[in-house]
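Dear colleague,

Please find the structure below, handed over for your study. My findings follow it.

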Amino acid sequence: MQNASPETRWFHLCLADDLAGPNAFVTTRVGAVPLVAQNIKGRVVAFRNVCTHRFAVIHGEPAGCGPLRCPYHGWSFDADGVPVGLPFNPTDFQLEAEGRRRLALHPAGLARCGRLVFVRVALDGPSLEEELGAALFARLVTLSDAFPHRGAMLEPADDQAGDWERIEIANLRLALAPGRALVLHSAAPPGADPRFSRTVTLHPATAPTTADAELPA
Amino acid sequence: MSAHPVQSIVPETGAFLPHSHFWTGEAFAQERERVFGRCWLYMGVFEDTNVLTAEMAGLRFELRRQGEAMDGVCRDGEQVRPLQIDRCGALVFARVAQDGGPTLADHLAPYGERLATMSANCLNPQAPVGIAFQANWKALVENTMDDFHGSTVHPDTIHPAVHPDWQSHLVTERHGANSDSRWLLADGTAGWWAKLDAKLRMRRFAEEPFYRHTFIFPNFYLATFYGATVIPHRVDPVAPDSSVLRWQLFLPTTRLETAREQAFHRSTATYLIQSAGTVIAEDCPVCEAVQQGRPGIADLPHITGIYGRRERRILDFHQAMLRQLGETE
């Protein structure tokens, strides 16, 4: 699957926690295609992060909290990607419901594996479970549930306390110290700026945790 | 081209530039040959040096003035071609020498006379400014002809400077490749200019409380305030995904004799240059956001954008580009 074109592959984006809050969003880029996953009124949805009006990238930051609203002319979009806030619509566009639907954002693939959120440019293709394989998919679900707490960043290479198991899938490198920590490093997908890479350290439910510094502002 | 009810246009493929024209080397090379290698281009206003230079899409233009005579060349690597040079008032234009083609007056129509009148205010020049954008030059042209991003992109600068009911007062003229918009200044802004006028006794080409924006294809626009200050702008292509916006403030005064008058003029010019720079700095991120966004929907032919009532000038520009690129000679 690694040889498939980037547009047809799943890429790890973030944790479901990152998208739990109202208007929380996380962005990335696959090849030339900017993508965004966003919580809109409780629904987590994914689109191409490009306004259908005049093609500006909507959310420029890798993550944050704010409505899905284009910075150029203020078009805002609902959970179906349909523009619902169009400044000057009565005088300049006069778009009714059907016209708005035709200008909906283009959806992107979105899938979860436990608390891990993946995105894909293509809408069609193998499911995330098919791409990962059922066994690995199930293991990731188990792991992500077993390490619910974010904590102090841990660098496996510097940690002498024990053996680390390493797993690589898609753009995601996991380092697991059983019972102690799970480090997730998501590399920026092909074509993406390094600012779209992310690292988070997760701890088991019983471990002491620190303040969560990874959640969107 | 299908028309939405009354106001907006969703263009069909072929009625606007393909998205790839905003980032490919092939399109850039075609524009270099057929647009910047052929069209009349704004070069500047001659000052004491009697020399003007410009670089657009890898072409270097060099002009010199000797008395009333002007000559120049266009350098394209090893190739050197002579220029045809002409003026519109104080504004100097040039193009690669060629047989046929429009005269400068034809190219500027119907704004030649108005531009010449406004250019009489190209006095008291300030240092030219160039601001780099990581965006194709056409994204900047689209931005400058976009008449309604003020409230979102310039909420604290342009937006409060124009009349609160700007929609009713905005007047846009469209004449194919060239166009003009004028905005009624807010009372407070017009009052600020009036006070400035009282101190500087500005030369005014018209008694108009407007911000006026006159666009000349392919990459020139003249911005004016209060019928006095003129700011020629030119968008210079540097690479498929980068460009430089070059502009120069002229603050024409009839009072520049005493040290006090000179100091006031200097501080006012500095303030206006800083203000203009702030506005341009606000435009830069959205132009760059468009540059980043276009490739992301280029594979989706149904996403063609939509052009509202105040965005027709942009579509006019696209169509002028298509015509120019389609010309084989």
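**Two helices in chain B**

In this predicted model, α4(B) and α9(B) are oblique to each other, the class left over when angles under 35 degrees count as roughly parallel, over 145 as roughly antiparallel and 65 to 115 as roughly perpendicular. The axes of α4 (residues 137-144) and α9 (residues 259-293) of chain B cross at roughly 125° and come within 9 Å. Axes are lines fitted to C-alpha atoms, for helices over the stretch in contact, with angles from 0 to 180 degrees between N-to-C directions. Helices (H or I, at least four residues) and strands (E, at least two) are DSSP runs, numbered from the N terminus.

Residues are in contact if their C-beta atoms, placed from the backbone, lie within 7 Å. From α4(B), B:Ala139, B:Leu140 and B:Asn143 take part; α9(B) supplies B:Asp283, B:Val286, B:Cys287, B:Val290 and B:Gln291.

**Between the chains**

Chain A and chain B each bring 27 residues to their contact. On the side of chain A that touches chain B, β3 (33-40) and α1 (89-93) are the elements giving two or more residues. The most comes from α1(A), with 3 residues.

**Confidence**

**Conventions**

Residues are numbered from 1 along each chain as its sequence is written, while chains are lettered from A and ligands numbered from 1 in the order written. In this predicted model, local features need pLDDT of at least 70 and side-chain atom pairs count only at pLDDT 80 or more, whereas totals for chains, interfaces and linings use all residues.

With kind regards

Key. Two residues are in contact if their C-beta atoms, placed from the backbone, lie within 7 Å.
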